[in-house]
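Visitor: Please walk me through this model. Keep it brisk, with cut-offs.

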Amino acid sequence: MKTTLTNTESWKSLEKHFDEIEHVSIKTLFENDKNRGQQLVVKDEGIYFDFSKHRITGETLKLLSQLLENRDFDNQRQAMFSGEKINITEKRAVLHTALRAPKGSTILVDGRNVVPDVHAVLDKMSGFANKIRNGEWKGHSGKTIKTIINIGIGGSDLGPVMAYEALKYFSIRSLDFRFVSNVDGSDFAEAVEGLRADETLFIISSKTFTTLETMANAQTARQWALKNLGDESAIAKHFVAVSTNEKEVTRFGIDPQNMFGFWDWVGGRYSMSAAIGLSTMIAIGPENYHEMLAGLHKMDEHFRTAPVEKNIPVIMALLGVWYNNFFGAETQAVFPYDKYLHRFPAYLQQLTMESMGKHVTIGGDIVDYQTGAIYWGEPGTNGQHSFYQLIHQGTKLIPVDFIGFKESLNLLPPHQDYLIANMIAQGEALAFGKTADEVRAEGVAEEMVSHKVFVGNRPSSTFFLDKLSPENLGKLVAMYEHCVFVQGVIWNINPFDQMGVELGKVLAQNIIPELQNGEKPLHHDSSTNALIEFYREK
């Protein structure tokens, strides 16, 4: 039996429309409309969003918009912004937007305005960040801090790492920032290589203060610090926590005054603008951090108020549904043409795939359509010399997001011209390709013609901004956050839980003692038993 989504008139209309447009090329669409490149563009909030190089017509957008409206989009969007508990499986509100709401705003959760709480934490973070930055905070031996190590995993790592790398230009260079997430001991060992414990501060980022990987690394960090500092009281000067579990934080040896809290209505992958961003604030300073929050809020307001046909995250989401559910595309590539954004695709992998990797609807019914795409990417121009070959001449359809900036933060002429020329050229090449006749006209031998043909008709979006600033990074992050929300509405899935990460962690807890005790009997399948036995032989 079909779900309520695939059985709707809107869906059936899109299926019929797809049959009509499937073999119409992007090149033909441009030939039929000389102004297409100016019309399928949104310019808002300092973003130039060109979506003209897609296999769509005005009718496509109309039908996709109707599908969205028929999913009660307006009311669901309002429910999120107003603090309703739309994360129904965990019975929680979804209010990452409150983390960047201006002072004086009112957002109620269970009758309480949470905005003053948010700003109280931000003020506490600012005070602490300034103490570290100006050298007022001293370590156990009286020395100033020179290295900050953030220990977390998932959203407690990917957001801070991405933001630090993206905004490194704005960071204080007298401080060194490092990040530990993997439970692999090599991650921690390399992070502390060459460091002095009396000049190092650890930020332990764990909402529950019980996450296996994070707490394993935290305990190792504690042992490393004690080995070098020799005094339990030193922990309070070299460790702070981002958590809600004051009891465990205190037991660890961290002064609760140096615990920065957040709330259950903040999902991990949406938490980079919560206290999880403490390392980011220390790196770039409170003023720049608040600029990033302002950028997030500006995109929130754009998403909340812009009409569907001019709403950047909405259009992104509709295009994703179009390729995923009708063309059968399985991946979405994101190629930032800025070295500072080299961790942005990895950040988006968690944001999108942990959110959209669901096989049941909100009501618990098995879906009969594809949900989340596989997100991946690397910065340009490096990717052009590796995987672009498959996108251009391979057999898979891979929609692409290009992200570029008019100005470089590092003025080294003519580098930025070369960089952006490549970004624009790649979009042109993907869309229009090169025909056999065009190859022959270049004097290529006939036996080589087919090898040099570019079929084209490969879709892409281009996002152009003035420069990579804290504000613009905030806009980009929120843009993809809200794209996820819209697709969740269409697919009727909950993008705010992550039940799928639990089973492997539970099974690992069973296997750990079996690895540590070679005499413990094994009761797994034959493959798992054999792997455990092989490990025991070391």
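Guide: Buried means under 20% relative accessible area, exposed over 50%, and partly exposed in between (1.4 Å probe, protein chains only). This is a predicted model: local features need pLDDT of at least 70, side-chain atom pairs count only at pLDDT 80 or more, and totals for chains, interfaces and linings use all residues. Residues are numbered from 1 along each chain as its sequence is written, and side-chain values use heavy atoms, with hydrogens and water left out.

Visitor: Is Phe496 buried or exposed?
Guide: The relative accessibility of Phe496 is 8%. That falls under the 20% limit. Phe496 therefore counts as buried.

Visitor: Which kind of aromatic pair do Tyr270 and Phe496 form?
Guide: Rings of Phe, Tyr and Trp (its six-membered ring) pair if their centres lie within 6.5 Å; planes under 30 degrees apart count as stacked, over 60 as edge-to-face and the rest as tilted. Tyr270 and Phe496 lie 5.5 Å centre to centre, with 55 degrees between the planes. The pair is tilted.

Visitor: How many residues apart are Tyr270 and Phe496?
Guide: Helices (H or I, at least four residues) and strands (E, at least two) are DSSP runs, numbered from the N terminus. Tyr270 is in the loop between β9 (259–260) and α12. Phe496 is in the loop between α19 (470–491) and α20 (502–516). The pair links distant parts of the chain, 226 residues apart.

Visitor: How are α12 and α13 oriented to each other?
Guide: Axes are lines fitted to C-alpha atoms, for helices over the stretch in contact, and angles run from 0 to 180 degrees between N-to-C directions. Angles under 35 degrees count as roughly parallel, over 145 as roughly antiparallel, 65 to 115 as roughly perpendicular and the rest as oblique. Helix α12 (residues 278–305) and helix α13 (residues 312–327) pack at about 70 degrees, with axes 7 Å apart. That makes α12 and α13 roughly perpendicular.

Visitor: Which residues of α13 meet α12?
Guide: Contact means heavy atoms within 4.5 Å. From α12 come Met299, His302 and Phe303. Their partners in α13 are Ile312, Pro313 and Val314.

Visitor: Where is Asn492, which has a positive phi?
Guide: Asn492 is not a glycine, yet its phi is about 60 degrees. With a relative accessible area of 24%, Asn492 is partly exposed. Its place is the loop between α19 and α20.

Visitor: What is omega for the peptide bond from Pro413 to Pro414?
Guide: Pro414 lies in the loop between β12 (400–405) and α16 (415–432). The bond from Pro413 is cis, with omega near 0 degrees.
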